[in-house]
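Hi,

Here is the structure I promised to pass on to you. Have a look at it first, and my notes follow below.

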Amino acid sequence: MDLWSDPVNSSSYVLQSGGLGESEHKSSAEFSFSTQLRHEMGKESYFLIVAWYVPCLAAHETLQELCRKENLTCKSIGIANRNLKSYEVEYLCGYKVEEGTEYYLVKWKGWPESTNTWEPLENLKCPLLLQNFHNDQNEYLSRAKQGKALITRKHGKALKPAVVDYIVKKAKQRVALQRWKEELNRKKNHKGMILVENTVDLEGPPLDFYYINEYKPAPGINVINGITTGCECSDCPAEKCCPKEAGCLLAYNKYRQLKIQPGLPIYECNSFCRCGPDCPNRIVQKGTPYSLCIFRTNNGRGWGVKTLQKIKTNSFVMEYVGEVITSEEAERRGQLYDNQGNTYLFDLDYDSDEFTVDAARYGNVSHFVNHSCDPNLQVFNVFIDNLDLRLPRIALFSTRPIKAGEELTFDYQMKGSIDPISDSADALSPARKRTRTVCKCGAVCCRGYLN
């Protein structure tokens, strides 16, 4: 048997059972299986080609488990005859001592849990997984405040069920977060890496979040207004570079850091400009230059983002992206988000309040950046390939030096326009006039509310 990739939908796979003839192509999100049928016609035998249709959103590991369970091969997901029966430890999920020999229950990577086996310690060549196993034991006992040491191997006892349950949950979480990290780094289009970390609880990746690199406009909204001209500079900035043509100042100095005040717009060179990719006026469009870590906060603020590299003052850090919707739709969604305690709506109010960016389901790393009343990031409106003042891109720049390992935050009430911010709820834009959410930023100057 073999498995081949669907030529129409490359994200789905077909498990094919051998025989004569051809299988009928299907596009199916359901999992179905047909058995091989044999027809006797006189002295000749014919075999009907049948197939499994597996979910196109299934992870490779899930498909690998299905393959090995049914003894199938699939070159598309790395299951060939040479490694169909190979075994690699994915995580350890149990411990016992029998007749003086230590055993660990092993979950094999790419194999279903029904194939887990007890293996003697001497056969295991996975020091990191062994370390994770014992660290999880210690963590559970510490959190349970039992004040006891680990169950020693000399006692010859199996672990308590509650301890095993926690270890398995942590192992599965670790695997899920690793897969999520790999997915995020496959989808991103910027230089910096994305790491994921949770040392606080058992929360795994968000179930309803989809990573995107640019605005996702709702039907009827055009975020590309068909710009057809650019500057003729061979060495920007020249006299007629994009910012000057727009009647604005060049935003960056020779070190590619901001030199304009908050509230002023940024006009970068666009796809029709004569200058190349190394132009000093192409900063935001290149994406996040820093490696960042999505981490679980320990004070009830959910996920947060910290930088893994030091960031200088006035440096571009990231862009805020999501669905672009009308302010009316934002008001409707906002009522739902309030009930969930979520805040992902960002009003595009540089020139008007017609549109809002919703990063609840679609977004990038900025989706996970927390609010602070004393933030280290500042909002700026950016215009590149779209000069519609109602639809600026939102860029976050550092307001001060940021150390490696420091959390990144911005003020959810911060505006990209030059208008001052008011602490009054009545001064908020239409998408903000809703139930107020208590702030947990902990800043000395905390206003008490996120919105």
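Before the notes, one term: a residue is called buried under 20% relative accessible area, exposed over 50%, and partly exposed in between, with a 1.4 Å probe and protein chains only as cover. Please keep in mind that this is a predicted model, where local features need pLDDT of at least 70, side-chain atom pairs count only at pLDDT 80 or more, and totals for chains, interfaces and linings use all residues. Residues are numbered from 1 along each chain as its sequence is written, and side-chain values use heavy atoms, with hydrogens and water left out.

Salt bridges

A salt bridge here is a side-chain nitrogen of Lys or Arg within 4 Å of a carboxyl oxygen of Asp or Glu. The whole structure holds 22 of them. Helices (H or I, at least four residues) and strands (E, at least two) are DSSP runs, numbered from the N terminus.

K169 and D165 form a salt bridge at 3.2 Å, N to O; both sit in α3, 4 residues apart, or about one turn of the helix. K169 is partly exposed at 43% relative accessible area, and D165 is partly exposed too, at 39%.

R179 forms a salt bridge with E90 at 3.5 Å. R179 belongs to helix α3 (residues 161-187) and E90 to strand β8 (residues 89-98), so this pair ties together parts that are 89 residues apart in sequence. E90 is buried at 12%, while R179 is partly exposed at 27%.

D136 and R174 meet at 3.0 Å, N to O. This pair links helix α2 (residues 127-143), which holds D136, to R174 in helix α3, 38 residues away. D136 is buried at 3%, whereas R174 is partly exposed at 33%.

There is also a network of salt bridges linking E323, E329, R332, R333 and D358. D358 is in strand β20 (residues 355-358) and is buried, with a relative accessible area of 0%.

Two strands count as paired if DSSP finds at least two bridges between them. An open sheet of 4 strands runs in the order β14-β23-β24-β17, with mixed pairing. Its edge strands are β14 (266-267) and β17, each pairing on one side only. Strand β24 (residues 393-398) has 5 of its 6 residues buried. β24 pairs antiparallel with β23 (residues 377-383) over 6 bridges, where V382 stands opposite R393. With β17, β24 is joined by 4 bridges, again antiparallel; M318 faces L396 there, and F316 faces F397.

Cysteines

How many disulfides are there? Taking a disulfide as a pair of cysteine sulfur atoms within 2.5 Å, the count is 0. The sulfur of C242 has its closest cysteine sulfur in C273, 3.3 Å away, which is too far for a bond. C269 is in no disulfide either, with the sulfur of C275 nearest at 3.7 Å. Both C242, at 11%, and C269, at 0%, are buried.

Annotated site

The unreviewed UniProt entry has a "binding site" annotation covering R301, G302, W303, N370, H371, Y412 and K440; positions follow the numbering used here, feature names are shortened, and annotations may be inferred rather than shown by experiment. W303 lies in strand β16 and is buried at 11%.

Best wishes
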